[in-house]
Amino acid sequence: MDLESVRRYIEKGGHEDDKKASKIEEMPLRFFEKFVMEGLHIDLIEPGRVVCSMKVPPRLLNGGNFLHGGATATLVDLVGSAAIFTVGAPATGVSVEINVSYLDAAFADEEIEIEARVLRVGKAVGVVSVELKKKKTGKIIAQGRHTKKKKADSDIEKWDHDIDGQVGTNIAMPL
């Protein structure tokens with residue numbers, strides 16, 4: 001592909017020839033989160049843990065016809081952030097690091113499970129681990145870790161909970 005074609009591809013959002021493609025400016029606010037999370041169901045929610053499931057919708061497929069890596073990373077972000085709320089955090093903060101290891105593919109209409117576990121939520125930082133699996137076989141699709149920094153405010157002491165809901169008991173070292 002020549003450089004001009006690459007430029008057009010990026011600037012047109014990968015829909016250069018699609019006359020029906022939506023324009024970004026016409027999208028409602030926070031459209032992306034709703035786009036990825038539509039169809040997600042909570043299977044279990046408890047302090048420090050959220051388990052969700054969904055059938056992979058065709059809108060989240062990449063060019064190879066399997067779950068797009070960006071959609072996977074977004075699920076790590078959003079479901080992981082939800083897990084932080086389950087330990088009583090008043091806010092999830094802002095992402096400072098997110099990593100995802102892609103281990104297998106999930107295809108259209110395949111049922112997947114997303115499990116997020118809080119590893120630590122302290123005064124300044126929250127860390128979660130998120131795993132995506134094929135619901136039928138249990139085979140791991142992706143593993144992610146997400147670190148969020150809490151915004152400074154007067155409620156900082158309310159954020160210092162471990163996965164058992166105890167204040168500051170599982171703190172191995174200050175973050």
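## Strand 3 beside strand 6

Val-94 stands opposite Lys-149, a residue of strand 6. Strand 3 and strand 6 run antiparallel to each other, with eight bridges between them; two strands pair if DSSP finds at least two bridges between them. Helices (H or I, at least four residues) and strands (E, at least two) are DSSP runs, numbered from the N terminus.

A word on what you are looking at: this is a predicted model, where local features need pLDDT of at least 70 and side-chain atom pairs count only at pLDDT 80 or more, while totals for chains, interfaces and linings use all residues. Residues are numbered from 1 along each chain as its sequence is written, and side-chain values use heavy atoms, with hydrogens and water left out.

Six strands make up an open sheet with antiparallel pairing, in the order 1-2-4-5-6-3. Strand 1 (41–46) and strand 3 (94–102) each have a single partner strand, so they stand at the edges with one side left without a neighbour in the sheet. From one strand to the next, the twist averages 15 degrees.

Helix 3 (residues 69–85) packs on this sheet, touching strand 2 (49–55), strand 3, strand 4 (111–121), strand 5 (125–134) and strand 6. Its direction makes about 130 degrees with that of strand 3; axes are lines fitted to C-alpha atoms, for helices over the stretch in contact, and angles run from 0 to 180 degrees between N-to-C directions.

## A buried histidine

Let us visit His-146, found in strand 6 (residues 140–149). His-146 counts as buried because its relative accessibility is 0% (buried means under 20% relative accessible area, exposed over 50%, partly exposed in between, with a 1.4 Å probe and protein chains only). Leaving aside neighbours within four places in sequence, the contacts of His-146 (heavy atoms within 4.5 Å) include Val-76, Asp-77, Ser-81 and Ser-95.

## Salt bridges

A salt bridge is a side-chain nitrogen of Lys or Arg within 4 Å of a carboxyl oxygen of Asp or Glu. The count comes to nine salt bridges. One of them joins Lys-139 and Asp-104 at 3.4 Å, N to O. Lys-139 lies in the loop between strand 5 and strand 6 and Asp-104 in the loop between strand 3 and strand 4, so the pair ties together parts 35 residues apart in sequence.

Arg-49 forms another with Glu-46, their closest N and O atoms being 3.3 Å apart. Both residues belong to a network of salt bridges that also links Glu-115 and Arg-117.
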